[in-house]
Amino acid sequence: MEADTFDSLMEYVKENLQVEIDARVEKYYGDRQTVNPLLSVFLDGCLEKGIDGAKGGTKYYNMGCHGAGLSNASDALAAVKKVIYDEQSVSKEELLEALEKNFEGFEDIRQKLKACEERVGCGSDEADGMLKLLFDTFA
């Protein structure tokens, strides 16, 4: 994958997010829904009915894909956009190498990304817009 522009990177992110969502939906809602007896102990009605929550033992069984982590992903993408594409203070190759090594030996890059002030919910139209795009893909 060659992401010469941030827009091309976002297209790649959206495509891969959709692939992961489809895989999770198939896992959780495919031919069967996995029972979870331990969880069912804590759900109203399951013990009284003797039925697992995944099989209708409770009134509300809210398990599945919820989009947790998309705000963190938006913050990270905003930092990548700023450092890699806008400022060009780090190359894509350097970032990939830093990621492969979990930033060991690349503390300067980690700090540049961490210092990015574009964050969801902090008045950043950039990060908030990325979150909207990710949730639109998720939905």
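**Pocket and helix pair**

I began with the pocket lining. Helix 1 gives the most to the lining of the second largest pocket, with 6 residues. I am working from a predicted model.

Next I looked up the pocket itself. I read a volume of about 280 Å³ for the second largest pocket. Its lining is made up of 15 residues. L17, A68, G69, L70 and A73 lie nearest the centre. I noted which elements give two or more residues to this lining: helix 1 (6-29), helix 4 and helix 7. I then sorted the lining by class and got 10 nonpolar, 4 polar and 1 charged residues.

I turned to helix 4 and helix 7. How do their axes cross? The axes of helix 4 (residues 70-86) and helix 7 (residues 125-138) come within 8 Å and cross at roughly 130°. Helix 4 is therefore oblique to helix 7. I logged the crossing as right-handed.

Which residues meet there? From helix 4 I listed L70, S71, A73, S74, D75, L77, A78 and K81. Their partners in helix 7 are E126, A127, M130, L131, L134, F135 and F138. I count 10 nonpolar, 2 polar and 3 charged residues in this contact.

L70 and A73 are among the residues nearest the pocket centre, and both are in the helix 4 contact with helix 7.

Key:
Residues numbered from 1 in each chain as written. Predicted model: local features only at pLDDT ≥ 70, side-chain atom pairs only at ≥ 80, totals over all residues. Heavy atoms only, no water. Axes fitted to C-alpha atoms, helices over the stretch in contact; angles between N-to-C directions. Helix = DSSP H or I, 4+ residues; strand = E, 2+ residues; numbered from the N terminus. Parallel < 35°, antiparallel > 145°, perpendicular 65-115°, else oblique. Left-handed = near helix turned anticlockwise from the far one by under 90°. Contact = heavy atoms within 4.5 Å. Nonpolar A, V, L, I, M, F, W, Y, C, P; charged D, E, K, R; others polar. 1 Å grid on protein atoms, 1.4 Å probe; cavity = no way out; pocket = protein on both sides within 12 Å on 5 of 7 lines; lining within 4 Å. Points joined across faces, edges and corners; volume = space filled by probe spheres on them.
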